[in-house]
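Here's a walk through one chain, with an eye on how its pieces meet. Keep the viewer open as you read.

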Amino acid sequence: MEEAKKCVADIFGEDVFNDTVMQKRLPKKAYSVLRRVMDEGGELDLATADVIAHVMMEWAIEKGATHYTHWFQPLTGTTAEKHDSFITAPLPTGKVLMNLSGKELIKGEPDASSFPSGGLRATFEARGYTIWDCTSPAFVRHDEGGSTLVIPTAFCSYTGEALDQKTPLLRSMQALNTQSLRVLRLFGNTTSKKVTPSVGPEQEYFIIDREKYLERKDLIFTGRTLFGAMPPKGQELDDHYFGTLRPRIASFMKDVNEELWKVGVPAKTQHNEVAPAQHELAAIYDEANLAVDQNQVVMQTLKRVATRHGLRCLLHEKPFDGVNGSGKHNNWSIMTDDGINLLEPGKTPHDNTQFLLVLSCILKAVDEHADLLRESAADVGNDHRLGANEAPPAIISIFLGEQLEDVMKQLIDSGLAKSSKEGGTLKTGVTSLTEVSKDATDRNRTSPFAFTGNKFEFRMVGSRDSIAAPNTILNTIVAEAFSDACDLLEKSKDFDTDVHDLIKKYMTEHQRIVFNGNGYSEAWVEEAAKRGLPNITSMVDAIPALMTDKAVAMFAKYGVFSKAELASRVEVKYEAYSKAIHIEALTMLQMAGKSLIPAMIAYASELSGTIQNLLACGADASVEEELLGELSGDLKAAQEAKKALQKAVDEAEKTAEGRARAAAFRDQVVPAMTALRKPVDQAELIVDSDFWPMPSYADLLFEV
C-alpha cells in the first residue's frame with residue numbers, strides 16, 4: 001500500500017496550488033479573474049485577492065503549513081525569504097485568528113537595504129517590495145523547520161527598480177511575446193494569442209560525504225577545494241559516466257525525485273556524470289519563468305536532502321581541480337499557447353520559410369550580442385571551466401549541424417534552398433537489432449550554443465547560477481531581432497520575395513557565428529579571431545558588455561532594464577567577484593598558516609628524528625634524508641608563497657572598488673593563490689596521511 005501511494009502520477013503536484021486546485025476550490029468568478037490576469041496580465045482587484053488568499057491559506061493549513069513566505073531572487077545569486085505565521089490576533093476565548101489577506105498575498109515589504117543593489121538603494125533607504133507572481137504557482141514546502149506556504153514573488157525597490165532576477169526575466173518574456181506574435185502574423189497565423197520561451201535546464205552537481213566535507217574549511221567557506229593533490233585515478237577511464245548508481249546515491253536520488261515531484265518539478269533524467277562523485281538531474285521543459293523557479297527548488301532540494309542522507313551537495317562550478325567541473329545546460333525554445341514550436345524545422349526545413357526567418361533572426365541576435373550572452377554565464381567559478389576542454393570555449397558560436405548548415409549555404413549561394421539532408425537509417429551490422437532512423441545531424445558537445453532538433457542548448461551556464469540571466473538575455477536579443485525583421489517585412493509589398501531576401505541577408509551577414517567543428521581546438525581559437533568573434537576569458541572582462549551603448553539602448557527599448565538597473569548589476573557583479581576571491585584567499589592563508597604548514601613542519605620533525613635515530617644506529621638514512629629535503633623545499637616555497645599571497649591581498653584591498661579592484665584580485669591574488677597551492681599539494685604526496693589534517697581528494701571523490 002505504501003508503494004502504491006508513491007506512484008508518480010499520484011504524488012506529482014500534490015503540494016502545489018496549481019490550476020486544478022484553483023478550479024476546484026476558488027469561486028468561479030475569482031478563478032476567472034485570476035486566470036485572465038495570469039494569461040493576459042493586468043491588475044488583480046483587492047476583493048478577488050482576499051478570496052484567493054483565504055482559499056490558499058486554508059489549503060496550505062490542510063497541508064500542515066503554519067507560516068507563509070514571499071520567496072524571491074535578489075542579486076545574491078540565491079533565493080531569499082521571510083516567514084510570517086498565519087496568526088493575526090488573539091481572541092477573547094484564548095484562541096487565535098488565522099488569516100492571510102489579499103494585500104498580504106500580493107505585496108510584502110522586506111528590508112531592501114541589506115541586499116546588493118549596486119547603488120539603487122542606499123543603506124538608509126530600506127523599503128523594498130515583494131510582489132506576487134501569480135504565473136508561478138505557490139506551493140507548500142515541508143522541511144526540518146515545519147511546513148511553509150511558499151509564494152513566488154518579484155522584488156523591487158521603493159522607486160520601482162528591479163532588485164531581483166525575476167522582474168527582468170518577466171519583462172523579457174513580455175518583449176519576446178510581443179515580437180514573436182508579429183512574426184506569426186506575417187505568416188497569417190491569427191489564432192496563436194501568446195508566445196513564451198520554453199526552458200529545460202540540466203543541473204550538474206557533486207555529492208560527497210558530509211563528515212568529510214566538514215573537515216574541509218575550503219569547502220565550507222568557498223564551495224571548492226583550494227588545496228588537494230590528485231589521486232592516482234581520476235576520470236581517465238570514463239567509467240563513472242552513466243555508470244550504475246551507488247546504493248547511497250540511488251537512495252538520495254529517490255528522495256530528491258519524490259520531493260521535487262510533490263512540488264510540481266518535472267524531474268525526468270538522472271545519471272552519473274563524467275567526474276567521480278558528479279551527477280546530473282534534468283527536468284522537462286516548462287515556461288521560462290516556471291523553469292527558473294523550479295531550478296532554484298531543485299538546487300535547494302539537492303542540498304537539503306543530501307544533508308538528511310549524511311551527504312553534501314556541491315554546486316560550485318569547479319569544486320575539484322583536475323577533474324571536470326559542473327555546468328547547467330539551458331535548453332531554450334519558443335512555444336505558442338496552441339502548441340506551435342517556432343524552432344521546429346519540420347522534415348523539410350528548406351521549405352519552412354517561417355522557421356528559416358526565425359533561425360536567421362537568432363543568428364543575427366547571437367552574433368550582434370555575443371558579448372551579452374557570454375556575460376550572462378559569467379561567474380567567478382565558471383572562469384575555471386570555460387575553455388578548459390570540459391565546457392564550451394569562452395567564444396560564442398552556434399552549432400547548426402550538417403542539415404541546417406547545408407540549407408544556409410544554399411540560401412547564401414543562390415538565394416534559394418532546394419533540398420534538406422535527411423537522416424536515413426542507422427546501420428549497426430547486427431541483424432537482430434531493429435533498424436532505427438537517425439537524426440539528420442550529429443551533436444556537438446563543444447559548442448556553447450547548439451541547435452539540437454527543435455531547440456537551442458546554451459551550454460555555458462554555471463551549475464550554481466540562476467538561469468534567469470541567460471534567459472533574460474536570450475529573450476531580449478531575439479525579441480530585438482524579430483522586431484527588426486518585422487519592421488521591414490510589415491511594409492513589404494512582395495512578402496515572399498522580401499522574406500527570402502531578408503533570410504539570405506541575415507544568414508550572409510552573420511554566418512561567421514556558425515561553427516560546427518571542434519570548439520576545444522586551438523585552431524578554432526585562431527579561426528574565431530580571424531572572424532572577429534570575441535574571446536572573453538574571464539568574468540571581469542565579460543561584465544562591461546552590460547553597459548555598452550548598444551546594450552543600454554536595446555534593453556531600454558524593450559523595457560527589460562533601465563540604464564540605472566544595468567549600472568547597478570555591473571557594480572554588484574564586480575563586487576561579487578572581488579569578495580569571492582577575497583574569501584578564497586583568506587581561507588587559503590588561514591588553512592596554510594594554521595593547519596597545512598604546521599602539518600608539514602610536524603612531519604619534517606618526525607623525519608628528522610627518524611634520521612637521527614637511524615644514523616645513531618649506523619643504519620642507512622638516505623631515503624628519509626631525500627624525503628626531508630623534498631619536504632623542506634616545499635615547506636620553504638609554501639611559506640614564501642603564503643607571504644606573497646598576503647601581500648597581494650593587502651594591495652588588492654587598497655584598490656578602489658569596481659572593475660579596478662576586481663582586476664587586482666584576478667591579476668594579482670589569483671596567481672598568488674595558485675603559487676601557494678603548488679608546494680602544498682606536492683607536500684601532501686610526501687606527508688604521512690596520519691599527519692595530513694584534512695580528507696584527500698581520494699577520500700572525497702571515491703568514498704561515498
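Axes here are lines fitted to C-alpha atoms, for helices over the stretch in contact, and angles run from 0 to 180 degrees between N-to-C directions. Helices (H or I, at least four residues) and strands (E, at least two) are DSSP runs, numbered from the N terminus. Bear in mind that this is a predicted model, where local features need pLDDT of at least 70 and side-chain atom pairs count only at pLDDT 80 or more, while totals for chains, interfaces and linings use all residues. Residues are numbered from 1 along each chain as its sequence is written, and side-chain values use heavy atoms, with hydrogens and water left out.

Start with a helix pair. Helix H12 (residues 353-368) and helix H15 (residues 468-489) have axes that come within 8 Å and cross at roughly 125 degrees. That makes H12 oblique to H15 (under 35 degrees is roughly parallel, over 145 roughly antiparallel, 65 to 115 roughly perpendicular, and the rest oblique). Contact means heavy atoms within 4.5 Å; on the H12 side it includes Leu357, Val358 and Ile362, and on the H15 side Ile477, Phe482 and Leu489 are among the residues involved. By class, this contact has twelve nonpolar, no polar and four charged residues (Ala, Val, Leu, Ile, Met, Phe, Trp, Tyr, Cys and Pro count as nonpolar, Asp, Glu, Lys and Arg as charged, and the others, Gly among them, as polar).

Now for the backbone. Most residues other than glycine have a negative phi. Phe242, in the loop between helix H9 (217-222) and helix H10 (247-262), has a positive phi of about 60 degrees. Ala277 has one of about 75 degrees, and its place is the loop between strand E10 (267-272) and strand E11 (278-283). Buried or exposed? Phe242 is exposed at 54% relative accessible area, whereas Ala277 is buried at 2% (buried is under 20%, exposed over 50%, partly exposed in between, with a 1.4 Å probe and protein chains only).

Finally, the charges. A salt bridge is a side-chain nitrogen of Lys or Arg within 4 Å of a carboxyl oxygen of Asp or Glu, and by this rule the count comes to 35. In one of them, Glu62 meets Arg25 at 2.5 Å, N to O. Glu62 lies in helix H5 (residues 46-62) and Arg25 in helix H3 (residues 19-25), so the pair ties together parts that are 37 residues apart in sequence. Glu62 is exposed at 57%, while Arg25 is partly exposed at 31%. Elsewhere, Glu144, Glu259, Arg304 and Arg308 are linked in a network of salt bridges.
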